[in-house]
Amino acid sequence: MKVSLIIFPGSNCDNDAKIALEKLIKAKVNMVWHKETSLPKTDLIVLPGGFSYGDYLRPGSIASKSHILFDIIKNGKKGTPILGICNGFQILTEAKLLPGTLTRNIQLKFICENTYLRVVNNDTIFSSRYNNNEIINIPIAHHDGNYFAPDHTINELEDSNRIIFKYCDKDGFVTKTTNPNGSINNIAGIVNDSKNILGMMPHPERAYDPLTKNIDGTKVFTSLLDIIL
Amino acid sequence: MSDYSEIEIKTSDKKAEDLGLTKSEYQKIKKILNREPNFTELCIFSAMWSEHCSYKSSKKWLKTMNFQNSSVICGPGENAGVIDIGNGLAAVFKMESHNHPSYIDPYQGAATGVGGILRDVFTMGARPIANLNCIRFGDPSHPKTKYLIEGVVAGIGGYGNCVGIPTVGGETYFNENYNNNILVNAMTVGIVSANKIFYSKASGVGNPVIYVGSKTGRDGIHGASMASAEFDQTIESKRPTVQVGDPFTEKLLLEACLELMKSDSIVAIQDMGAAGLTSSSFEMASKGNLGIEINLDKVPQREKNMKAFELMLSESQERMLIVVKKGKEKEAEKVFLKWELPFSIIGRLTDSGNMVLYKSDKIVANLPISPLVSEAPEYDRKWKRSKHYTQNPIKKLEKLDLKKNLIQLISSPNLSSKKWVWQQYDHMVMTNTITGPGSDAAVVRIERSDSALAITTDCNPKYVFGNPKSGSKQAIAESWRNLICVGAKPIAITDCLNFGNPEKPEIMGQIVESIEGIKEATEVLNFPVISGNVSLYNETEGKSILPTPQIGAVGVINDISNIASIIWNENELIYILGKNDIELGCSAFDEIIEKTGISEPPTINLKQEKKVGSFVLNKIQEGLIKTCHDISDGGILIALAEMAINSKIGAKIDHPKLDTTPLEWWFSETQARFIVTIPKNQKAVLEKEAVTQNVPILHLGIVKGNTLQINKEMSISLQDLENHNSSWLPDYMNS
């Protein structure tokens with residue numbers, strides 16, 4: 001699989017994502033600098049985590065105006081799979097490829113911890129290898145992961161099954177107390193209406209290696225293997 | 001008025017004193033120059049000869065330390081120390097204080113502390129792989145404490161998280177002696193190819209000197225002198241001396257420097273830290289025995305009409321000075337343009353031996369480099385031996401209650417969980433954190449390999465206050481033990497010596513004795529000091545902090561399949577390795593329960609440390625021991641409780657019998673001891689080998705159930721333990 005991994009000034013999970021993609025799905029990863037104007041031939045686009053442009057203005061906002069975004073948007077609309085993790089999710093909302101916005105965590109603090117997620121919909125290219133309602137554990141590390149969208153958007157996301165992951169407790173209950181950042185409806189990850197673009201705050205690329213005691217993020221990557229079968 | 005009217009400012013004893021120079025230092029300056037210095041020159045002397053840059057009070061003693069073992073590639077004197085870690089790789093590390101700035105402006109002070117130590121490491125060509133941070137605050141009841149923690153923790157996180165380097169460990173500590181002078185000691189560890197290390201020694205007359213990074217502003221001017229003076233009530237007015245950090249620019253600078261280092265363009269590189277352009281340019285030229293010319297008009301500037309002394313003393317962050325090979329300017333330019341960093345060729349190396357500064361085509365300073373460095377003041381300050389305490393007799397409190405005391409200790413500010421702190425730090429980015437915060441030592445895998453580094457930071461300031469020499473030995477012994485606990489071979493340390501005013505003989509005495517202790521421990525354990533920092537004048541209105549020689553230590557794990565952790569497993573047998581005794585001087589038990597006051601801390605027997613430690617390490621490397629925890633603050637019972645909480649499994653402890661052992665035994669902080677667990681079928685092996693090698697071994701009990709139970713007398717559920725341990729800090733911060 002050919003992957004375009006986009007690097008913005010301030011991206012800092014690019015190398016982590018590269019290693020995970022290489023190890024888990026034997027991807028050929030092209031690191032694409034934000035100033036490029038066109039993507040190489042690509043089966044998957046990944047926007048990694050980090051602090052593009054230092055989170056100045058709003059997280060993801062400056063990166064969303066980069067040259068390379070024109071081609072990313074074009075490809076995304078054509079159906080090329082796009083995975084945005086953490087800052088990548090923020091960039092996708094700023095670029096309007098995904099609805100809503102990621103605001104400051106409700107406790108106004110950066111938070112880094114393993115969080116339980118419930119796989120709400122496994123009928124996407126990113127979640128197909130999980131079971132529906134499977135409870136997984138993936139770390140978050142962000143200051144601005146509090147998902148917000150107007151009621152009608154939230155309803156639409158819920159009704160069309162576009163919420164893929166929700167924060168929950170270890171038994172799968174989605175409640176206020178298991179919400180680490182204040183996101184509406186405990187939203188941790190969503191897809192666009194044609195379901196080829198996933199944005200998620202948790203970091204699956206940090207959860208594949210038994211040595212770091214967490215492998216629950218693996219299937220976000222391995223599910224993608226099925227798209228080119 | 002001209003832009004450089006400072007030349008007209010008349011210098012005098014008084015002016016010199018305002019800049020922190022003594023009368024005799026001012027005389028010495030006039031002698032070196034054979035004339036009166038102009039104001040810019042005087043400012044340069046003031047910065048270079050400040051305690052912070054010159055180590056004038058501590059140099060005499062620092063020189064006596066142990067800097068060598070077979071792994072050391074580069075000891076003190078460079079931006080950071082370097083050790084060989086095998087497979088053609090080297091680890092670069094150092095710890096540095098940012099105490100005064102963090103008290104004045106907790107967020108920016110702590111953030112820029114992280115930024116500074118990161119630059120020290122990547123300046124040498126290393127990619128940073130881990131940060132640690134030791135933060136010490138005043139009494140929790142002090143009105144400023146909460147505000148300081150809030151800001152410092154956010155600042156450390158704000159900077160490290162953004163640059164993308166995991167913060168994997170450190171210490172958080174409270175004591176009223178830090179009420180008006182907190183400590184923020186930041187450590188960074190990086191990895192570099194052993195044959196691609198960059199140094200600061202300039203060479204090649206005519207080679208261009210390049211400035212890259214943030215533009216220079218008026219922030220941090222006189223920072224080095226500020227960090228070299230005591231505090232008083234006017235500190236708020238010193239806020240402008242605190243620099244403001246921009247981690248985004250740091251990240252760009254990190255990537256740009258590492259990218260340029262892949263070519264063969266760079267001759268020498270030095271970050272602009274304390275005393276900014278002054279000390280970086282002096283150090284590079286001085287190490288190369290060369291002169292340097294700088295055109296200050298070329299320095300990228302954030303503000304208008306900056307004067308020469310402001311440009312030379314500014315401590316604006318995220319700046320580097322690089323000497324490149326002549327003709328390689330274009331290569332450097334290409335990289336810096338890619339990363340959108342301000343840069344400029346600001347000067348060149350000369351053979352004059354002088355630093356010559358130009359501004360608006362005029363010479364604004366002309367100073368001989370070698371005498372300014374070699375004749376920097378070095379003081380043999382008066383010192384006196386610290387008071388010798390004896391161990392206070394145990395008070396034999398009538399109602400000593402094991403369970404109650406355990407709860408009191410485990411929920412006390414210093415022993416309670418610090419998760420509230422470290423969950424604000426990204427401790428996982430780079431995906432190599434095998435063991436993160438909250439353990440004996442952090443374990444960080446070396447990318448795409450089967451080896452790892454173990455890193456720990458340690459110091460018990462109460463011990464050091466009770467006995468500066470043995471307390472300092474203890475800090476090193478504890479860091480040695482903590483590395484062993486995870487299965488790492490201890491290699492070397494960095495130290496950050498935080499003390500009060502060295503002009504007071506009793507404080508100077510603490511410094512001297514502490515260095516004596518460090519020297520002895522590093523020699524016996526073959527665990528040299530390869531880098532460090534001295535922070536003096538940590539006093540407010542005459543009251544000193546506790547003497548705090550903070551140790552940061554690094555060890556190597558060659559095979560990550562044989563590491564140990566604090567996590568034990570059901571049905572394993574629990575042992576203490578090492579000799580048990582009852583020593584409660586300066587212990588957590590004494591501080592919280594007996595309250596007898598300062599007394600002699602536990603004895604340090606370095607040979608015993610070495611014997612027990614080597615035995616444990618050996619057994620971990622052989623794969624026999626997988627669970628290990630050192631016994632430190634709070635003693636055996638606290639260590640057991642920590643293991644139970646982290647493992648989420650309890651224990652049944654049958655030995656020794658309570659009727660034959662005083663309750664204090666469970667809280668003794670006797671050194672050179674480890675708690676280990678092993679599977680039942682290895683019982684005979686471990687016991688036999690310990691006896692053969694003359695390592696004291698005591699069987700305590702078995703890992704089992706969901707309570708921590710001591711004989712029949714005490715039992716506490718894991719849930720209770722966990723609640724008592726985890727709630728203090730968040731409750732305090734939310735109160």
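## Close-up views of a predicted two-chain model

**View 1. Packing of helices H22 and H24 in chain B.** In this predicted model, H22(B) packs against helix H24 (residues 718–734) of chain B at an angle of about 105°, and the two axes lie 10 Å apart. Angles of 65 to 115 degrees count as roughly perpendicular, and H22(B) and H24(B) are therefore roughly perpendicular to each other. On the H22(B) side the contact is made by Ala641(B), Ala644(B) and Ile645(B); H24(B) contributes Leu718(B), Leu721(B), Glu722(B) and Asn725(B). Sorted by class, the contact of H22(B) with H24(B) has five nonpolar residues, one polar and one charged.

**View 2. Packing of helices H15 and H22 in chain B.** Helix H15 (residues 402–410) of chain B meets helix H22 (residues 635–647) of chain B at an angle of about 70°, with 10 Å between the axes. H15(B) and H22(B) are therefore roughly perpendicular to each other. The crossing of H15(B) past H22(B) is right-handed. Leu402(B), Leu406(B), Leu409(B) and Ile410(B) of H15(B) make the contact with Leu637(B), Ile638(B), Ala641(B) and Ile645(B) of H22(B). By class, the contact of H15(B) with H22(B) comprises eight nonpolar residues, with no polar and no charged ones. Ala641(B) and Ile645(B) are listed in the contact with H15(B) and also in the contact with H24(B).

**View 3. The interface of chain A and chain B.** In the predicted model, 31 residues of chain A are in contact with 31 residues of chain B. About 2600 Å² of area is buried between chain A and chain B, and carbon and sulfur atoms give 57% of it. Five salt bridges are found across the interface of chain A and chain B. The side chain of Lys35(A) forms a salt bridge with that of Glu340(B), at 3.3 Å from N to O.

View 4. Over all chains the count of salt bridges comes to 50. One pair is Arg104(A) and Asp144(A), whose closest N and O atoms are 3.2 Å apart.

Note on methods:
Residues numbered from 1 in each chain as written. Chains lettered and ligands numbered in written order. Predicted model: local features only at pLDDT ≥ 70, side-chain atom pairs only at ≥ 80, totals over all residues. Heavy atoms only, no water. Axes fitted to C-alpha atoms, helices over the stretch in contact; angles between N-to-C directions. Helix = DSSP H or I, 4+ residues; strand = E, 2+ residues; numbered from the N terminus. Parallel < 35°, antiparallel > 145°, perpendicular 65-115°, else oblique. Left-handed = near helix turned anticlockwise from the far one by under 90°. Contact = heavy atoms within 4.5 Å. Nonpolar A, V, L, I, M, F, W, Y, C, P; charged D, E, K, R; others polar. Buried area = accessible area lost by both parts, 1.4 Å probe. Salt bridge = Lys/Arg side-chain N within 4 Å of Asp/Glu carboxyl O.
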